[in-house]
Amino acid sequence: MAKRKKKRFKYLKIFVWLCFAALVSFFVVTVFFVKPHIFYPGFEITIPSGYAIHGIDVSWYQETINWEEVRDMESKGVKIGFVFIKATEGITREDGKFNRNWKQSKKYGVTRGAYHFFVPGRDPAKQAANFIENVALSEGDLPPVLDIERQGRLSVTEMQKDVKTFLDIIEKHYGVAPIIYTNISFYKKYFGKDFERYPLWIAHYLQPDQPRISNEWTFWQHSETGRVNGIKAPVDFNVFSGDSADFKKLLIRK
């Protein structure tokens with residue numbers, strides 16, 4: 001019986017030492033090899049560190065938003081510096097909350113941008129016309145955004161042709177290169193060198209410091225579960241890649 005107890009005690013000591021070693025290893029890797037990031041109770045998500053400008057994107061899904069509360073919210077020095085608002089989808093649809101969100105975000109001083117949800121297989125020229133009809137950009141607004149996430153039944157060549165048609169019309173109308181929003185796998189499959197001149201807004205979640213993509217990016221959507229005062233539903237969170245001077249250069253001018 002005594003031998004059994006000694007044997008169990010020996011195994012217990014080994015187990016404790018293994019746990020201790022694992023804990024130390026985790027601490028070393030986290031401190032020295034992983035860019036630190038901080039959980040902010042106010043936003044209820046992990047905010048990547050090292051970025052000066054943070055923002056959100058919204059649509060009808062967030063229901064009626066209190067933009068004054070959005071503007072005033074701050075946690076550990078992080079504030080909402082910009083918002084992308086869904087404006088249109090396909091060739092006829094307008095987001096039900098766009099007009100209110102567009103006006104209210106401007107009223108309360110939140111830098112705003114508008115995006116179009118692209119529907120593959122629908123006439124790209126008519127989709128561009130739908131966006132132009134509903135979105136009037138002003139000085140200080142962000143460039144227009146093409147949200148492209150679906151392939152439909154189009155080939156890579158057909159997809160690129162339709163997207164380029166949309167982008168060309170939008171750029172000619174507003175006088176600024178549109179931003180492309182998509183996820184990493186979609187971007188790699190459909191967008192080659194012909195699209196590298198457009199600012200990239202990339203979606204890639206659960207990454208501690210930056211999206212895992214070699215292409216240069218302007219905005220990174222790093223979470224879809226954030227919480228913000230004045231908004232009932234979860235919100236997508238984003239960071240801007242540069243500083244305030246870079247951000248100002250991106251905005252619409254007269």
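S223 touches I45, Y205, V235, D236 and F237, residues up to four places away in sequence being left out. Contact here means heavy atoms within 4.5 Å. The model is a predicted one, in which local features need pLDDT of at least 70 and side-chain atom pairs count only at pLDDT 80 or more, while totals for chains, interfaces and linings use all residues. Residues are numbered from 1 along each chain as its sequence is written, and side-chain values use heavy atoms, with hydrogens and water left out.

S223 sits in strand β11 (residues 219–226). Its relative accessibility is 9%, so S223 counts as buried. Buried means under 20% relative accessible area, exposed means over 50%, and partly exposed lies in between (1.4 Å probe, protein chains only). A polar atom of the S223 side chain lies 3.2 Å from the backbone nitrogen of T225. A polar contact is a pair of N or O atoms within 3.5 Å; within protein, one must be able to donate a hydrogen and the other to accept it, and residues adjacent in sequence count only if both atoms are side-chain atoms.

The protein has 7 helices and 12 strands. These are DSSP runs numbered from the N terminus, with helices (H or I) of at least four residues and strands (E) of at least two. Of the 254 residues, 46% count as buried. Among contacts between residues at least 6 apart in sequence, 65% join residues at least 24 apart.

Helix α3 spans residues 98–107, and F98, N101, W102 and S105 are buried in it. Seen down the axis of α3, these buried residues fall within an arc of 100 degrees, so they line one face of the helix. The arc is that of the directions from the helix axis to the C-beta atoms. An α-helix has 3.6 residues a turn, so residues three or four places apart point the same way. On the other side of α3, K103 and K107 are exposed. The buried residues of α3 pack against several elements, among them β3 (54–58), α2 (67–72), β5 (78–89) and α4 (124–134). G109 follows α3 and has a positive phi, near 75 degrees.

Most residues other than glycine have a negative phi. E63 has a positive phi, near 60 degrees. E63 lies in the loop between β3 and α2, and is partly exposed, with a relative accessible area of 41%. Phi of K76 is positive too, near 55 degrees. K76 is in the loop between β4 (74–75) and β5, and at 67% relative accessibility K76 counts as exposed.

Pockets were then examined. On a 1 Å grid over the protein atoms alone, a pocket is an open set of points where a 1.4 Å probe fits, with protein on both sides within 12 Å along at least five of seven lines; lining residues have an atom within 4 Å of a point. The largest pocket has a volume of about 460 Å³. A volume is the space filled by probe spheres set on the points, which are joined across faces, edges and corners. The largest pocket is lined by 20 residues, with D57, S59, Y115, E149 and D236 nearest its centre. Strands β3, β5, β7, β11 and β12 (235–240) each supply at least two residues of this lining. The second largest pocket holds about 320 Å³ of space. It is lined by 16 residues, of which R197, Y198, P199, E216 and T218 are the closest to its centre.
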